[in-house]
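Here is a short tour of one protein model, written for someone new to reading structures. Keep the 3D view open while you read.

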Amino acid sequence: MLNKNRKYCIYFQTKNHYQLFENMVFKNSSVSFRDTVMINHDAGSSPDQLQLAKEICSKYGIHWINKENTDAKTHHELMFEAIEWLEKNEYDFD
């Protein structure tokens with residue numbers, strides 16, 4: 001069950017740089033993400049990076065919204081899919 005009581009959404013589009021989540025976003029951050037839903041869209045990463053994506057997204061509670069189809073798409077297509085995912089899961093943010 002998804003926690004819908006969130007105020008903000010952070011949306012990532014990622015390709016082959018999953019180590020950046022830990023090294024730049026979470027490792028040294030004092031920011032609390034408890035009021036935030038985080039979603040990730042993979043844009044055609046390599047197989048080893050997809051494995052890292054699975055680990056990192058699980059570790060930090062990031063919803064990986066296209067696990068089954070990580071084919072490269074345009075920025076516009078990815079944004080549209082993210083909006084659809086948020087609507088389907090009934091998220092509404094401030």
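Gly61 counts as partly exposed, at 44% relative accessibility. On this scale, buried means under 20% relative accessible area, exposed means over 50%, and partly exposed is in between (1.4 Å probe, protein chains only). You'll find Gly61 in the loop between helix 2 and strand 3 (62-64). Helices (H or I, at least four residues) and strands (E, at least two) are DSSP runs, numbered from the N terminus. Along the sequence Gly61 and Lys27 are 34 residues apart, and their C-alpha atoms are 14 Å apart in space.

Before going on, a word on what you're looking at: this is a predicted model, where local features need pLDDT of at least 70, side-chain atom pairs count only at pLDDT 80 or more, and totals for chains, interfaces and linings use all residues. Residues are numbered from 1 along each chain as its sequence is written, and side-chain values use heavy atoms, with hydrogens and water left out.

**Burial at a glance**

Here are some residues that turn up in this report.

| Residue | Relative accessibility | Class |
|---|---|---|
| Asn40 | 0% | buried |
| Cys57 | 4% | buried |
| Phe21 | 5% | buried |
| Phe26 | 12% | buried |
| Phe12 | 14% | buried |
| Asn16 | 27% | partly exposed |
| Cys9 | 30% | partly exposed |
| Val31 | 51% | exposed |
| Glu90 | 64% | exposed |

**A buried asparagine and an exposed valine**

Let's start with Asn40, which sits in strand 2 (residues 36-42). Its relative accessible area is 0%, so Asn40 is buried. What does Asn40 touch, not counting residues up to four places away in sequence? The list is Phe12, Thr14, Tyr18, Phe21, Cys57, Ile62, His63, Trp64, Ile65 and Asn66. Contact here means heavy atoms within 4.5 Å.

Now look at Val31, in the loop between helix 1 and strand 2. Val31 has 51% relative accessibility and therefore counts as exposed. Between Val31 and Asn66 there are 26 Å, C-alpha to C-alpha, and the two are 35 residues apart along the chain.

**Aromatic rings**

How many aromatic pairs does a search of the whole structure find? The search turns up five. Rings of Phe, Tyr and Trp (its six-membered ring) pair if their centres lie within 6.5 Å; planes under 30 degrees apart count as stacked, over 60 as edge-to-face and the rest as tilted.

**Two helices side by side**

Two packed helices are described by the angle between their axes and the distance between the axes. Helix 1 (residues 19-26) packs with helix 2 (residues 47-60) at an angle of about 40°, and their axes are 8 Å apart. Axes are lines fitted to C-alpha atoms, for helices over the stretch in contact, and angles run from 0 to 180 degrees between N-to-C directions. That makes helix 1 oblique to helix 2. As for the cut-offs, angles under 35 degrees count as roughly parallel, over 145 as roughly antiparallel, 65 to 115 as roughly perpendicular and the rest as oblique.

Which residues meet? Helix 1 brings Gln19, Phe21, Glu22 and Phe26, while helix 2 brings Gln49, Leu52, Ile56, Lys59 and Tyr60.

**Cysteines without a bond**

A disulfide is a covalent bond between the sulfur atoms of two cysteines. In this model, a disulfide is a pair of cysteine sulfur atoms within 2.5 Å, and a search of the whole structure finds zero. Cys9 is in no disulfide, and the nearest cysteine sulfur, that of Cys57, is 13 Å away.

**Two positive phi angles**

Most residues other than glycine have a negative phi, and most peptide bonds are trans. Asn16 has a positive phi, near 60°, and lies in the loop between strand 1 (8-14) and helix 1. Glu90 also has a positive phi, of about 60°, although it is not a glycine. Look for Glu90 in the segment after helix 3 (75-88).
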